[in-house]
Amino acid sequence: MKGFHCCLLLILALAGSLENLNLVCSAADPTDGFTPVPLTEANFELQKPYNIPLNERYSYEDGIRHMWVYATDKPHDPNSRTQPRTEVRMKGLDYTSGVWQFEGYGFVPNGTSGVTVAQIHGAAEDASTLILRIYDGNLRYYSGDLVATDLYDRWFRLNIIHDVDGDWVTVYVDGEQKYSTKGRGPGDFYFKCGVYAAPRNIAYYMESRWRDIKIYKK
């Protein structure tokens with residue numbers, strides 16, 4: 001009887017291990033089925049206040065792109081009326097169809113609030129299809145729907161999938177789907193990340209850091 005109990009416990013343990021293995025295997029990564037797009041440093045175009053040297057608003061060390069800006073800074077172009085920014089604009093990878101994906105690991109320090117940290121630029125009747133903003137450590141769709149919480153002072157993995165033909169956008173944080181929404185029609189699209197357009201009454205100084213940025217497509 002003792003041997004029977006030992007065999008039964010062994011079978012239950014194996015069954016539990018198989019169940020856990022199935023759970024791990026079923027947790028699909030957002031990049032599954034996508035093909036990585038080769039990137040060079042030429043694909044990372046920096047936009048910063050036009051009257052300030054780049055090294056006063058941007059640094060790149062040990063694979064980390066550190067971007068910061070002040071609410072009183074100038075826009076990125078003397079002819080622009082937009083708010084100040086220091087952003088990476090993914091250059092040479094504009095798209096008008098297909099399914100594309102941005103992946104990057106972001107870090108936003110406590111105190112940076114009301115600022116856009118990632119976006120899909122381009123839309124049928126607007127400047128952007130997707131804007132993700134940080135408010136008090138929480139990530140929101142524009143200034144509305146809550147996407148993720150408690151992101152201050154830690155690295156988080158961000159994946160944004162844009163199905164142009166299906167006009168749909170999906171956002172993952174740390175590998176978990178957090179938000180999806182209808183797009184804003186056709187356009188000439190590209191991805192951006194960094195810090196942009198914090199209202200002066202919310203945050204004077206804005207900062208984010210990014211590493212391991214990748215672009216994928218289907």
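**Strands, sheet and pocket**

Me: Over how many bridges do strand 7 and strand 14 pair?
Reply: Strand 7 covers residues 115–121 and strand 14 covers residues 190–196. Strands here are DSSP runs of E, at least two residues long, numbered from the N terminus. Two strands pair if DSSP finds at least two bridges between them. These two run antiparallel, and the number of bridges is five.

Me: Which residue in strand 14 is the bridge partner of Q119?
Reply: The model is predicted, so local features need pLDDT of at least 70, side-chain atom pairs need 80 or more, and totals for chains, interfaces and linings use all residues. Residues are numbered from 1 along each chain as its sequence is written, and side-chain values use heavy atoms, without hydrogens and water. The bridge partner of Q119 in strand 14 is K192.

Me: What is the mean pLDDT of the protein chain?
Reply: pLDDT is the predictor's confidence in each residue, from 0 to 100. In this chain, 85% of the residues reach 70 or more. Over residues 4–26, though, the pLDDT is below 50. The mean for the chain is 89.

Me: Which strands are the edge strands of the open sheet?
Reply: The sheet has seven strands in the order 2-5-14-7-8-9-10, with antiparallel pairing. An edge strand here pairs on one side only. The edges are strand 2 (44–47) and strand 10 (146–148).

Me: Which element gives the largest share of the lining of the largest pocket?
Reply: A pocket is found on a 1 Å grid over the protein atoms alone: it is an open set of points where a 1.4 Å probe fits, with protein on both sides within 12 Å along at least five of seven lines. Lining residues have an atom within 4 Å of a point. There are 14 of them, and R85, Q119, H121, A127 and Y196 lie nearest the centre. The largest share, three residues, comes from strand 14.

Me: Which residues does K182 touch, not counting those up to four places away in sequence?
Reply: K182 is in strand 13 (residues 176–182). Touching means contact, with heavy atoms within 4.5 Å. The residues are Y141, D167 and W168.

Me: How far apart in space are K182 and T129, C-alpha to C-alpha?
Reply: In sequence, K182 and T129 are 53 residues apart. In space, the distance is 9.1 Å.

Conventions. Helix = DSSP H or I, 4+ residues; strand = E, 2+ residues; numbered from the N terminus.
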